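Reader: Please show me the structure, and then let me ask how some of its labels were reached.

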Amino acid sequence: MSKTIIVSNRLPVKISREDGAYELKMSEGGLATGLGSVYKQGNNLWIGWCGMDVPKEDESIIKDRLSKENLAPVFLSEEEIHLYYEGFSNETLWPIFHYMSTYAQYEQSYWDSYQSVNQKFKERVLAFAEPNDVIWIHDYQLLLLPGLVRQELPDATIGFFQHIPFPSYELFRLIPWRKNLLDGMLGSDLIGFHTFDDVRHFTSAAERLLPVQTTANVIHTDDRNITVDAFPMGIDADKFNSLPSSPEVLEIIKNYDDALGCKKIVLSIDRLDYSKGITQRLQAFEKVLLDHPKYIEQICLHMIVVPSRDTIPQYAELRDQIDKLVGNINARFRTASWHPIHYFYRSFPIEQLSALYSKSEICLVTPMRDGMNLVSKEYIASRTNNDGVLILSEMAGASKELTDALIVNPNNLGELSDAIVEALEMPASEQTSRMESLKQTVTKFDIKHWVKIFMDQLKEVKETEQSRRARHVNKDLLASFGAKMSAAKKRALFLDYDGTLVNFKANINDASPDQELYQLITKLSNDDRNQVVIISGRKHDNLEQWFGHMPVDLIAEHGAWRKVDGQQWTETPNLSDKWKSTVRPMLESYSDRTPGSFIEEKKYSLAWHYRKVEKGLGELRANELISNMRYFTREINLQLLPGNKVVEIKNAEINKGKATLEYLYNKEFDFILAMGDDHTDEDIFAAINDIAITIKIGSSISEANYYLKNVAEARNLLQSL
């Protein structure tokens, strides 16, 4: 039986030592709640750090205690916690991923420890993992882990989810070890983020920093496809909806009614962090009291800040700033019977939070940058009367779903204070309308839904990948091709040139055949049963120079020119090139504003190359060119062909598929093989798929029946045949 292994930095349990004995307390966090339905079943388990530095002699005790809960601990020393967790995770990755690059520290010792701890997690995973298991890895502390596990278990099913934002390429590139981090993440089959913005940022960074290609939200690397998608995380909505009616919470609400004299409560709950926008929130609240003195003694801000990393200088400084701001505002506006801000620097149990959610007319959630922010969803689920107003930062992932909240830019103090006033004065009917819509979203897309859709898609992605890999030409298929070829008396081998027989070069004139290729073509041609046909988009002059002396047939410029049986070159009759005078100026305008691009002119086609253009800019210009010329070329009977770093315009009457069928007409081959790498070769595959072995080079997304990873594999196949 296969099992699911969840891996995160921390286990969903708090371990404490009291009177020489270890006590366990299960976490009530959103992730722990959602994944409880997974890791507690059967022989599934959750691997993570146990939360404290355990003496060596006590490790077996902790292991035994946790194994009863389907938990497996990773033991980390104080130094590892300092360098890997507090260091690289929270002083390098956290500030970069939250767009606070000035706080980032790039210490080699941090990186060394991050690598070694990820290795330690890998060893723990391998101690339990078996071939058919599903491994779900969580968050930024373990970015290297998917790749490390993949190296040891190449066929494993691996999912990864990041719970914090992924930054734009311009920020991510600041990290010295950026490629290593991306390689680690790409060990996954499915990578999840909270928002589509994060998906775009990740795929952009991968495409610009690594030798990978992307199609929509799928990254193609080596022999694998990795899907990247958005999965907005939810909460245990039923739990938060039922808590306000529990006797314990009702008692707390009654106590709050007695203790809090203000008529309307604005609630703010955050962990101490510079990404949360706490000081800006205080300044906006102060502005409300300054600009609207009628709210003095009518409202109060109930602010909870949960202690976090306050030994780090930036956090200690932030805490001092909050203390001063709260003190100044209270000193300035308080009266004998009223304090504008009730400030608590501590964590609260869930029952007290539920009471505060129920009691507060407004919830202020305005981070400067946040992956999701579940406080906003907890507040909505707790509003059993469908009243109250949520003010939400557009920089929080939750804003993409909770569109009926008052959405604000947390950097705009005027907009923030205006939103507080709007919330205070919002009619009850509008509050109800907004809250009902918000509650539908939070209830439907809860934590169970999040777990289900991620796991379902991971399963689907893996099945698709296994189906795709079945089409890869392996040893068994190679033997089958060899047997068919041996039994055949007359064989045709249609071979594309660039990207199939030779690798692409930045300078197209540098891609001439090497000695190995000449020997390979010679060996194939020496067998009288074989007819080698090199079919390319290259000029016929190029093919003549390279292969004109060999006993092979040549088809150039996608079929416009052909040389068969050693005779002279002939061109397809009745083709015109008069259209070039209209199209060339358009291509020249793109070359003029795209440094590194150039135009290649053939007899019946024009090609705009962007192999030397800055990554991203070339693709942008190519898409623009294709979009602008699509309808124009169709009107004058031209075909627009996107290729590998090239866009080609040619007569619509010529294509490789038509040329292949014309070549085969009245010939009786009992073995046909066709190999090609780009869009132009798809015409061949579509034309002869039912009578030939068709093979795409470099990608499995194709009309072809099979695929190979690269030029080296293509040459190896021909060598074996």
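Predicted model: local features only at pLDDT ≥ 70, side-chain atom pairs only at ≥ 80, totals over all residues.

Reader: What makes β2 and β3 a pair of strands?

Author: At least two bridges are needed. Strand β2, residues 13-18, and strand β3, residues 21-26, share six bridges in the antiparallel sense, so they count as paired.

Reader: Why is the pair of Tyr-39 and Trp-46 called edge-to-face?

Author: By the ring rule there are 31 aromatic pairs. For Tyr-39 and Trp-46 the ring centres are 5.2 Å apart and the planes stand at 85°. Centres must lie within 6.5 Å, and planes over 60 degrees apart count as edge-to-face, so this pair takes that label.

Reader: Are Tyr-39 and Trp-46 buried or exposed, and how do you know?

Author: Buried means under 20% relative accessible area. Tyr-39 is at 2% and Trp-46 has 2%, so each counts as buried.

Reader: What is the label for Tyr-497 and Phe-547, and why?

Author: Their ring centres are 5.8 Å apart with the planes at 75°, so this pair is edge-to-face. Tyr-497 lies in the loop between β18 and α19 and Phe-547 in helix α20, so the pair ties together parts 50 residues apart in sequence. Both Tyr-497 and Phe-547 are buried.

Reader: How do you know that the charged end of Arg-309 sits over a ring?

Author: The CZ of Arg must be within 6 Å of the ring centre and within 35 degrees of the ring normal. The charged end of Arg-309 is 4.7 Å from the centre of the Trp-94 ring and sits over it.

Conventions
Residues numbered from 1 in each chain as written. Heavy atoms only, no water. Helix = DSSP H or I, 4+ residues; strand = E, 2+ residues; numbered from the N terminus. Phe/Tyr/Trp six-rings, centres within 6.5 Å; stacked < 30°, edge-to-face > 60°. Buried < 20%, exposed > 50% of the residue type's maximum accessible area, 1.4 Å probe, protein only.
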